[in-house]
Amino acid sequence: MSKARVQAPNFGDVIRKRRRELDLTQDEVASRIKISVPYVGHLESGKRHPSDKIISRLAQALGLEYRELFFLANPQAKALLSANPAEAGEGSVWEAFRTNDHVRRIHNISNGEMEMLSHVALLGELQSARDLIYILNMVRHAVGR
């Protein structure tokens, strides 16, 4: 007898399930977070990838935790941030982060933001790339990006 593998819920599944738990239509969710109704459908079906701003609005509108929703939308980031810091010596966390084009694309990190993060990296010891992503998101939130 073979056992069926239970697949972890993805971003779209979680959004759809929570929307239904709250007895909301896609139209109501779209109105609350100021996006189009088709875009809500695309998010639920996995046809579109949400920006950090949309993730934040969805988390607030649906009463979900931002961090968990962020990692559902960005599973590659979770894998990266869950890894132990490189043991290549001082500065290795920054160096690995700085040279990772994939992370830069996922988080849409501008040249100015990379420069700001390079200054942050000089301030003290970084345990992991998670520290830099956290700081980046806090700065973005503070300036309304």
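# Exercises on a predicted helical chain

I109 has a relative accessibility of 6% and therefore counts as buried, where buried means under 20% relative accessible area, exposed over 50% and partly exposed in between (1.4 Å probe, protein chains only). The model is predicted, so local features need pLDDT of at least 70 and side-chain atom pairs count only at pLDDT 80 or more, while totals for chains, interfaces and linings use all residues. Residues are numbered from 1 along each chain as its sequence is written, and side-chain values use heavy atoms, with hydrogens and water left out.

**Exercise 1. Describe the chain by its elements and its buried share.**

Step 1. The chain has 10 helices and zero strands. Helices (H or I, at least four residues) and strands (E, at least two) are DSSP runs, numbered from the N terminus.

Step 2. Read from the N terminus, the order is α-α-α-α-α-α-α-α-α-α.

Step 3. Of the 145 residues in the chain, 34% are buried.

Step 4. Among contacts in the chain with a separation of 6 or more, 53% come from residues 24 or more positions apart. Contact means heavy atoms within 4.5 Å.

**Exercise 2. Work out how helix 9 and helix 10 pack.**

Step 1. Two packed helices are described by the angle between their axes and the distance between the axes.

Step 2. Helix 9 (residues 111-123) packs on helix 10 (residues 129-143) at an angle of about 125°, and their axes are 11 Å apart. Axes are lines fitted to C-alpha atoms, for helices over the stretch in contact, and angles run from 0 to 180 degrees between N-to-C directions.

Step 3. Helix 9 is therefore oblique to helix 10; angles under 35 degrees count as roughly parallel, over 145 as roughly antiparallel, 65 to 115 as roughly perpendicular and the rest as oblique.

Step 4. On the helix 9 side, E113, M116, L117 and V120 meet L132, I135, L136, V139 and R140 in helix 10.

Step 5. By class, this contact has seven nonpolar, no polar and two charged residues. Ala, Val, Leu, Ile, Met, Phe, Trp, Tyr, Cys and Pro count as nonpolar, Asp, Glu, Lys and Arg as charged, and the others, Gly among them, as polar.

**Exercise 3. Is N137 buried or exposed, and which residues does N137 touch?**

Step 1. N137 lies in helix 10.

Step 2. N137 has a relative accessible area of 19% and is therefore buried.

Step 3. Not counting residues up to four places away in sequence, N137 touches D52 and Y66.

**Exercise 4. Examine phi and accessibility at D23 and K34.**

Step 1. Most residues other than glycine have a negative phi.

Step 2. D23 is not glycine, yet its phi is positive, near 55°. D23 is in the loop between helix 1 (11-21) and helix 2 (26-33), and its relative accessible area of 68% makes D23 exposed.

Step 3. K34, also a residue other than glycine, has a positive phi near 60°. K34 lies in the loop between helix 2 and helix 3 (37-45), and counts as exposed at 67% relative accessibility.
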